[in-house]
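Here are some notes on the model, written as numbered points. Please read them with the structure open beside you.

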Amino acid sequence: PFYCTRVHVLFDAGDVPALGHRTYKVSWTARREYPYPHDDWDAPRLAAGDMLTGPRSAANDRLALSVNPDGSFAVTEHASGRRYDRLDTLLDAGDRGNMWMADTPDQDAVITSEGRPAEIACLRHGPLEVIFEVRRTLSVPARYDRAAQRRSRERVDLGVVTRLRLRKHSRCVDVETTLDNTARDHVVKVCFPTGLTAKTTCADGSFSVTEYAATPDLSYELARHPVQLWFDLHDPGARAGLAVLSRATKDYEVLQEAGTCTAAMGLLRGVPLRIPCDNRLWMEYPGDESSQSLGRTTHHYAVLPHTRPWHEDHLYRDAAAFNQPLKAVQFAPQTGVLPPVFSFLEIGDPNLVLSAVLKDADRDSVLVRVFNPTGGTIQTTLTAGFDFAGAHAVSLAGERTAGLEYDGRAVRLEVGRGRIMTVELAR
């Protein structure tokens, strides 16, 4: 047996280069508090700044965060002074549909977390991040009663645990929500009242950004929209917007409340397992509840207030950073050729989105795929951290279509609106 000290270290990594790394050396300094750790030994505490501003509030240089008694939260952007309140309010509603079609019951029972007491605790606070934990419980109908054609009178508890994280210099509040679902035939959404009068909403899609009407005509338009990395509501007149970043493909819709827009993102949906064999025959599987989403699920998303349209505020950059956070890798001293600070690839314009980097299957080349979701042409450079002998534009099938001009390790690119471009860097 031996004594050891394990520590969880938070530190400011500074400006880490694009698709690269920054290396740090951790040194141990012996202290003479005790000759060895005891059971009641307390590690030395150093005076430092703290982002915590109150029992349920915190702030960094960009945002102020406060948690409401019902578990929702408010965010104030320092630069504009605009405050968004009642964010992350839970909404539970009935659904008597199936996996192909949503169907709201005529006699629905809608339950929200607004105004209901929540348990709130601060799990961590310091100069680099603050984490609040919020525990909420919703009493919801257990199922849809098909005989009575309404949600059942029997109730079950839906437990929800949410962790709110605000980091130093961050533009957004990270949210991790875990639901323990015990109900059937329902949908759970999380709502973000914006107070904005936006006419349209934008969402990241497949190699594109799609714009939808904030108040759709339901005779031919859908109310719910698919989203992959982010969706956004922006009011040009107020010079304000609220974006939600997501780590999983979800759906969202825009609700109208007192003339302003509330974004509602779907977290969970449970329906009976009913499969169409053709237009006339539907097969049902009594006892199989695999489509009811029972059990525990965790969802990661972030709330980002901003002032300019999505392409001017570079929402793709924040969404990519949220979906692919920095990774800390510990290793022993070793020899090598990589410098302490290094970038393998860097794209000059943040609106040109990186889609893939891969080794060519047939040639000694690296393929870099990008796309332009904006409405205009992007002219920028792609800079590599390694030498290459030639640069080519290639098709999605991998065939070279044109040579590209390059200077040293920088390739000049011109990518038209809505275009997908694959660049081959030949070694």
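1. Burial comes up throughout, so its cut-offs go here: buried means under 20% relative accessible area, exposed over 50%, and partly exposed in between, with a 1.4 Å probe and protein chains only. By that scale Asp12, at 41% relative accessibility, is partly exposed, and Lys168, at 37%, is partly exposed too.

2. A word on the source. This is a predicted model, in which local features need pLDDT of at least 70 and side-chain atom pairs count only at pLDDT 80 or more, while totals for chains, interfaces and linings use all residues. Residues are numbered from 1 along each chain as its sequence is written, and side-chain values use heavy atoms, with hydrogens and water left out.

3. Salt bridges come next (a side-chain nitrogen of Lys or Arg within 4 Å of a carboxyl oxygen of Asp or Glu). The structure holds 30 of these salt bridges. One of them joins Lys168 to Asp12, with the closest N and O atoms 3.5 Å apart. Lys168 is in the loop between strand E13 (155-167) and strand E14 (173-181), and Asp12 is in the segment before strand E1 (20-22), so the bridge ties together parts that are 156 residues apart in sequence. The labels follow DSSP runs numbered from the N terminus: helices (H or I) have at least four residues and strands (E) at least two.

4. Are Asp88 and Arg136 buried or exposed? Both are buried. Their side chains form a salt bridge at 3.0 Å, N to O. Asp88 sits in the loop between strand E6 (83-87) and strand E7 (89-94), and Arg136 in strand E10 (residues 129-141), so this pair ties together parts that are 48 residues apart in sequence.

5. A further salt bridge links the side chains of Glu129 and Arg124, at 2.4 Å from N to O. Glu129 is buried, at 4% relative accessibility, whereas Arg124 is partly exposed, at 28%. These two residues belong to a network of salt bridges that also takes in Arg165, Arg167 and Asp174.

6. Two strands pair if DSSP finds at least two bridges between them. Nine strands make an open sheet with antiparallel pairing, in the order E9-E10-E13-E14-E25-E20-E19-E16-E17. Strand E9 (119-124) and strand E17 (209-213) are its edges, each pairing on one side only. From one strand to the next the twist averages 20°; axes are lines fitted to C-alpha atoms, for helices over the stretch in contact, and angles run from 0 to 180 degrees between N-to-C directions. Within this sheet, E13 and E14 run antiparallel and are joined by seven bridges. Val160 has Leu179 in E14 as its bridge partner.

7. Strand E4 (residues 63-67) has neighbours worth checking. Strand E3 (residues 57-59) pairs with E4 in the antiparallel sense over three bridges, and the two form a hairpin with three residues between them. Ser57 is opposite Ser66 in E4. E4 also pairs with strand E5 (residues 73-77), antiparallel, over five bridges, with Leu63 opposite Glu77 in E5. That hairpin has five residues between its strands, and Gly71 there has a positive phi near 95°.

8. Which residues of E4 lie on its covered face? Leu63, Leu65 and Val67 do, while Ala64 and Ser66 make up the uncovered face. In a regular strand the side chains alternate between the two faces of the sheet.

9. Next, the nonpolar cores (sets of buried Ala, Val, Leu, Ile, Met, Phe, Trp, Tyr and Cys residues joined through side-chain atoms within 4.5 Å). The largest has 49 residues, and Leu87, Phe192 and Tyr252 are among those with the most contacts inside it. A second, separate core of 19 residues includes Leu382, Phe388, Val415 and Leu425. Leaving aside neighbours within four places in sequence, Leu87 has contacts (heavy atoms within 4.5 Å) that include Phe73, Phe192, Leu242 and Val303.

10. Finally, two backbone angles to inspect. Most residues other than glycine have a negative phi. Ala258, not a glycine, has a positive phi of about 55°. Ala258 lies in the loop between strand E21 (250-257) and strand E22 (260-270) and is exposed, with a relative accessible area of 85%. His314 also has a positive phi, near 55°, and lies in the loop between strand E25 (295-306) and helix H1 (315-323).
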